[in-house]
Amino acid sequence: MKLTEKLYEAAKPVWDGYLSQPFVKELGEGTLSPERFRFYMIQDYRYLLQYAKVFALGIVKAEEEALQRLFAEMVHETLDGEMQVHKAYMARLGITEAEVAETKTALTNQSYTSYMLDEAHKGGALEILVAVLSCAWSYQMIGESHKKLTGALEHPLYGEWVNGYSCEAYCAGTQRIIDLVDRYGADISAEREAHLKEIFVNCSRYEADFWDMAYEMRG
């Protein structure tokens with residue numbers, strides 16, 4: 001089995017619950033309250049600022065020039081790609097940059113990003129790739145699942161979100177991370193593999209907590 005297949009199997013009990021979480025389920029159905037989505041967008045924007053720092057640490061930890069460039073591209077894609085979608089949504093929802101700056105990062109959000117950054121500081125490029133994979137990969141899974149729901153892509157508020165996380169470009173970006181994890185994770189020790197599984201499962205659990213935090217609008 002490839003490393004990513006082992007990671008997925010380790011986290012499958014967590015992943016199996018994503019689509020039934022109230023926030024995720026109602027977003028796909030188009031019944032999620034705009035207030036909850038507004039709370040989520042602010043917190044997710046603040047999350048992405050830290051997520052980009054995890055990729056930036058990859059530039060520091062990578063020894064190969066090609067991998068350094070890939071991490072640099074991931075920083076750019078986060079700050080100037082994914083976050084632009086958020087900015088467009090925030091404009092529609094009346095969220096100002098000042099409000100985002102003044103809003104405190106929710107405790108679950110802070111704990112999640114602090115964990116990723118801690119593992120990134122302690123580990124190498126592979127640990128960094130595994131830490132970010134659960135977010136990228138699970139969002140693709142959710143986006144692709146929602147894309148199959150009648151009217152999800154056409155929803156006036158949530159259709160753009162569903163398309164953004166199921167489109168060809170986003171899936172290609174996720175696949176790039178998967179391929180890198182499998183490449184650099186080949187022939188690693190059993191001890192390192194066990195630690196990588198721990199990172200992936202923990203980040204997957206944080207993803208579940210993030211959805212609950214957003215639904216409950218919990219600070």
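Me: How far does helix α10 reach, in Å, from its first C-alpha to its last?
Reply: Heads-up: this is a predicted model, where local features need pLDDT of at least 70, side-chain atom pairs count only at pLDDT 80 or more, and totals for chains, interfaces and linings use all residues. Residues are numbered from 1 along each chain as its sequence is written, and side-chain values use heavy atoms, with hydrogens and water left out. Helices here are DSSP runs (H or I, at least four residues) numbered from the N terminus, and the expected span is 1.5 Å times one less than the number of residues. With 27 residues (190-216), α10 is expected to span 39 Å at 1.5 Å a residue, and its actual reach is close to that, at 39 Å.

Me: Which residue just after α10 takes a positive phi?
Reply: Look just after α10, where the phi is about 55°. The residue with that positive value is Met217.

Me: How do α3 and α4 run, roughly parallel or roughly antiparallel?
Reply: Two packed helices are described by the angle between their axes and the distance between the axes. Axes are lines fitted to C-alpha atoms, for helices over the stretch in contact, and angles run from 0 to 180 degrees between N-to-C directions. The axes of α3 (residues 34-61) and α4 (residues 65-92) come within 9 Å and cross at roughly 170°. Angles over 145 degrees count as roughly antiparallel and those under 35 as roughly parallel, so α3 and α4 are roughly antiparallel.

Me: And how do α4 and α7 run, roughly parallel or roughly antiparallel?
Reply: Helix α7 covers residues 125-147, and its axis comes within 12 Å of that of α4. The two axes cross at roughly 30°. That makes the pair roughly parallel.

Me: How many disulfides does the structure hold?
Reply: A disulfide is a pair of cysteine sulfur atoms within 2.5 Å. For Cys171, the nearest cysteine sulfur, that of Cys167, is 6.5 Å away. For Cys203, the nearest is that of Cys135, at 9.1 Å. The count for the structure is zero.

Me: Is Cys203 buried or exposed?
Reply: Buried means under 20% relative accessible area and exposed over 50%, with partly exposed in between (1.4 Å probe, protein chains only). Cys171 has 16% and is buried. Cys203 has 0%, so Cys203 is buried.

Me: What separates the C-alpha atoms of Leu7 and Ala66, in Å?
Reply: Leu7 sits in helix α1 (residues 3-15) and is buried, with a relative accessible area of 0%. Along the chain, Leu7 and Ala66 are 59 residues apart. Their C-alpha atoms are separated by 25 Å.

Conventions. Helix = DSSP H or I, 4+ residues; strand = E, 2+ residues; numbered from the N terminus. Parallel < 35°, antiparallel > 145°, perpendicular 65-115°, else oblique.
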